[in-house]
Amino acid sequence: SEYETKRKIRLSETILIILDISNYWEKKNRQIINSVIKESRATILVINKIDTIKNFSEQYIKDQISLLLPQTKDMPTFFISAKKKIGIEKLKNGILDFLNLWVRRINTAKLNKWLGETVNVNPPALKSGKEVKLKYITQISSRPPKFKIFSNFPDSINESYKRFLIRELKKTFDFKGVIVKLIFTKIKNPYEK
């Protein structure tokens with residue numbers, strides 16, 4: 001049932017979504033993937049029964065899935081045949097590599113160097129003519145990796161700039177396929193304008 005699926009997602013930390021190569025585009029698959037992403041779980045896509053199709057392009061199937069669900073664009077994807085034991089070893093190693101990313105913690109000095117350089121190249125939009133400052137970043141948790149950025153005007157940072165920062169953070173620190181959370185909070189310094 002849908003309730004049981006959602007309950008299992010909430011209770012899990014790592015989820016393998018196994019899709020049949022002959023029906024990966026089905027609507028119910030999209031609903032499950034959306035639920036998993038919403039709950040911020042470590043997610044790996046597994047395309048099964050590859051032995052049932054003679055010639056196929058892994059890249060084409062990955063592209064088709066990311067067209068249907070853009071959130072899966074850099075999600076780790078493995079192609080296997082459970083029946084013929086094809087791709088199982090690669091999947092096991094991929095799960096271990098991915099879990100290492102999921103629990104990673106990034107040094108605060110490195111994070112702040114990255115933030116300074118990123119904002120210098122592409123600063124956030126002004127707030128009523130005033131400069132929006134992103135003063136400091138720290139990682140507050142892992143599983144999923146969650147970061148807090150302190151700003152003088154946290155509420156004025158638009159969604160596209162937040163997505164830009166997440167993309168750059170993932171690229172710089174190699175969080176490929178991992179859901180990364182960014183929280184913006186007000187600088188507590190009373191002298192900060």
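Is Ser-81 buried or exposed? Ser-81 counts as buried, because its relative accessibility is 0% (buried means under 20% relative accessible area, exposed over 50%, partly exposed in between, with a 1.4 Å probe and protein chains only). The model is predicted: local features need pLDDT of at least 70, side-chain atom pairs count only at pLDDT 80 or more, and totals for chains, interfaces and linings use all residues. Residues are numbered from 1 along each chain as its sequence is written, and side-chain values use heavy atoms, with hydrogens and water left out.

**Around Ser-81**
- Ser-81 sits in the loop between strand S3 (77-79) and H4 (helices, H or I of at least four residues, and strands, E of at least two, are DSSP runs numbered from the N terminus).
- A polar atom of the Ser-81 side chain lies 3.0 Å from the backbone nitrogen of Lys-84.
- Beyond neighbours within four places in sequence, Ser-81 is in contact with residues including Asn-48, Lys-49 and Asp-51 (contact means heavy atoms within 4.5 Å).

**Nonpolar cores**
- The largest nonpolar core has 31 residues (a core is a set of buried Ala, Val, Leu, Ile, Met, Phe, Trp, Tyr and Cys residues joined through side-chain atoms within 4.5 Å).
- Among the members that touch the most others are Leu-134, Phe-147 and Leu-182.
- Elements giving two or more residues to this core include helix H4 (88-102), helix H5 (108-121) and helix H6 (159-172).
- Another core, of 16 residues, lies apart from it; Ile-17 and Ile-179 are among its members.

**The sheet**
- Three strands form an open sheet in the order S4-S5-S6, with mixed pairing (two strands pair if DSSP finds at least two bridges between them).
- S4 and S6 stand at the edges with a single partner strand each, so one side of each has no neighbour in the sheet.
- S5 and S6 run parallel and are joined by six bridges.
- Ile-149 stands opposite Phe-184 in S6.

**Salt bridges**
- The whole structure holds four salt bridges (a side-chain nitrogen of Lys or Arg within 4 Å of a carboxyl oxygen of Asp or Glu).
- One of them joins Lys-49 and Asp-20 (3.2 Å, N to O).
- This pair links distant parts of the chain, 29 residues apart.
- Lys-49 counts as partly exposed at 38% relative accessibility, whereas Asp-20 counts as buried at 18%.
- Glu-159 and Lys-162 also meet in a salt bridge (3.4 Å, N to O); both lie in helix H6, three residues apart.

Conventions
Polar contact = N/O pair within 3.5 Å; in protein donor to acceptor, adjacent residues only side chain to side chain.
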